[in-house]
Amino acid sequence: HQLILSSLVISPAATAQVATQVEQLIITASRTPQPLATTLAATSVISREEIEAAGAVTLAELLQRKAGLEIRATGGAGQPAGIFIRGASSQHTLVLVDGLRLGSATTGSPAFENIPLDVIERIEVVKGPLSGLYGADAIGGVIQIFTRNLDRSRLQASVGFGSDSAFAVNTGFTAVENKTAVTLNAGYRQVRPRSATNSDSPSFIFNPDRDPYKNTNVSFNLSHTLWQGETISFKAWQSRGVVHFDNGPRDDARNRQTLSGIGVSSENQIMNGWTSRINIGRTTDDIKIFSSFSGRFKTEQNQAVWINEFKTPRGSSTAGAEWREESVSSTTNYDRKKRTTSSLFAGYLERFGDAGEQQLDFSLRRDEESQFGRRNTGSVAYGMQLLPALLVYARAGRAFRAPSFNDLYFPGFSNPALKPERSEQAEVGTRWTSALMRASLVRFDHRIDDLIAPDFISFIPVNIRRARIKGWELTGDTLLAGFSLKASLTSQRPLDTDTGRQLRSRAKVFGSLAVERSVGQWTVGSDVVASGRRYDSATEAASSRMSGYALLNARLAYRVNKLVSVEINGQNLTDRRYELARGYNTPKRSVFLNLKLVGF
């Protein structure tokens, strides 16, 4: 977490700031509010302050720098991007926005490239199998995004300019009156990066022209607390991105993708110790392709979830039900265009021992799907507080991923007999949490069976592959001599078990290091993101080898007064040439100047 100090001596106020941060509540790890320091899982929280300090980056780049994830991108801003949590792919990652699932039922992946940072208040990332709480797709972990919202009145605006004709503007306000709060935020961004492809890409794709990107977004949150204590909330957001992409030298191809979500929720304390939460809504992923191969793929997910939390003397238990309907409308003629899932789940979190130094956490879930029948998943974790600041824990769980509509029904290249992918994962970890430092070390072992991959002869997807990813994760943040330091390092063996080869686009070693300090009205910070060698193929072909890289980024901010601040962010300052996918360009050195106005 980004922490700011104003002197070499750590003041009591700064110490209190760190302590407050350590006690931050998170929701994703157990579907109920829980102190970050006591979660028996590898969990990261990215605050709005960190998002703003990162500058003009994409969501995937932010997750790489702040949450210790790997990324793969086929070009610059707006081009398709994916993330890897502990070697698991984007299709193995569940993305939630305000508690609602977001993603494409046709590709099976969320569109990270079109989720703008402007609409985000904070992000929670939980690594490891969470199907016992969330069902399908939570093999690698869960990324939950919370849209902009505040508990105090505020007016804000920003405007920025940068390299590659980048321009961004954002404005919004929060108004709080008695028991009612409303937040409205709107943003626009445009950039003209260089060509997404280069001469290493196939000739029928490569086009040397620039591939501009534009994004328009808006979010709206309204909440009101009734006389009996029930809180009703309405949330809506939309992001529309238009990007040009390379589809050959004579094709000015472009995509227009609209992501949106709308939901109504209720939280009420039924009686002492019993809290009920209901969330009903819909998310949409609608992409239109304008090229020599035009088409449209639209996914709508209607969702409803009911969660009940029951407090116990030393913990809590949860029980809930969930329903989801996925529907596809497309210019492609799929044999089936709809599927539904009904689920029941339960969780239990209890502390025991003379001083509550031991903790047990488990979850169970049963999904009944219209395509694949019933699936049972779950996880269990045990932790012990050896010292007031030292926690050790062990965790294991099972998860699964349902095949996408493309896997099952895409004409000529699908297999309706596919089975869901299965995963088993175990980890042991230790965490040190004190007023001035948080550090963790985790050993994980992840097995994935029935991996879906195309047959090399027919190109029809089949369940033939297995993978195993073993490794270590080390993370930490601290205050040292007036500086805020944050670091992460992952060492892993991401292997295709059947061939013994390295999984595509996964590195064996990657990490990041960030440092920041404030002196008076000035704040200066820098970070380095590094990754080892990868292969952009399943065979470790020499032609697909991508060298390791290290990127240097920096930030300088000046607070003119309580209302106005100016900052400049530099990305890839050494202008390092690197690859995230063979045949695709990555961002060069860039600078972005931003002016912010905040009023209370």
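**Briefing: surface, fold and aromatic pairs**

The accessible surface of the protein amounts to about 25,700 Å², and carbon and sulfur atoms account for 59% of it. The model is predicted. It contains five helices and 34 strands, and buried residues make up 54% of the 600 residues.

**Overall dimensions and contacts**
- Along the principal axes, the C-alpha atoms fill a box of roughly 60 × 55 × 45 Å.
- Of the contacts with a separation of 6 or more, 59% are between residues 24 or more positions apart.

**Charge**
- There are 72 positive and 57 negative side chains, and the centres of the two sets lie 2 Å apart.

**Aromatic pairs**
- The whole structure holds ten aromatic pairs.
- In the pair of phenylalanine 167 and tyrosine 188, the ring centres are 6.5 Å apart and the planes stand at 55 degrees, so the pair is tilted.
- Phenylalanine 167 belongs to strand β11 (residues 166–177) and tyrosine 188 to strand β12 (residues 180–191), so the pair ties together parts 21 residues apart in sequence.
- Phenylalanine 167 is partly exposed, at 25% relative accessible area, and tyrosine 188 is partly exposed, at 23%.
- Tyrosine 334 and phenylalanine 410 form an edge-to-face pair, with 6.1 Å centre to centre and 75 degrees between the planes.
- Tyrosine 334 lies in the loop between β18 and β19, and phenylalanine 410 in the loop between α5 and β23, so this pair ties together parts 76 residues apart in sequence.
- Tyrosine 334 is buried, with a relative accessible area of 3%, whereas phenylalanine 410 is partly exposed, with 28%.
- Phe161, Phe167 and Tyr188 form one aromatic cluster.

Terms used: Residues are numbered from 1 along each chain as its sequence is written. This is a predicted model: local features need pLDDT of at least 70, side-chain atom pairs count only at pLDDT 80 or more; totals for chains, interfaces and linings use all residues. Side-chain values use heavy atoms; hydrogens and water are left out. Helices (H or I, at least four residues) and strands (E, at least two) are DSSP runs, numbered from the N terminus. Buried means under 20% relative accessible area, exposed over 50%, partly exposed in between (1.4 Å probe, protein chains only). Contact means heavy atoms within 4.5 Å. Accessible areas come from the Shrake-Rupley method with a 1.4 Å probe; for residues, only the protein chains shown count as cover. Lys and Arg count as positive and Asp and Glu as negative; His and the chain ends are not counted. The place of a charge is taken as NZ of Lys, CZ of Arg, CG of Asp or CD of Glu. Rings of Phe, Tyr and Trp (its six-membered ring) pair if their centres lie within 6.5 Å; planes under 30 degrees apart count as stacked, over 60 as edge-to-face and the rest as tilted.
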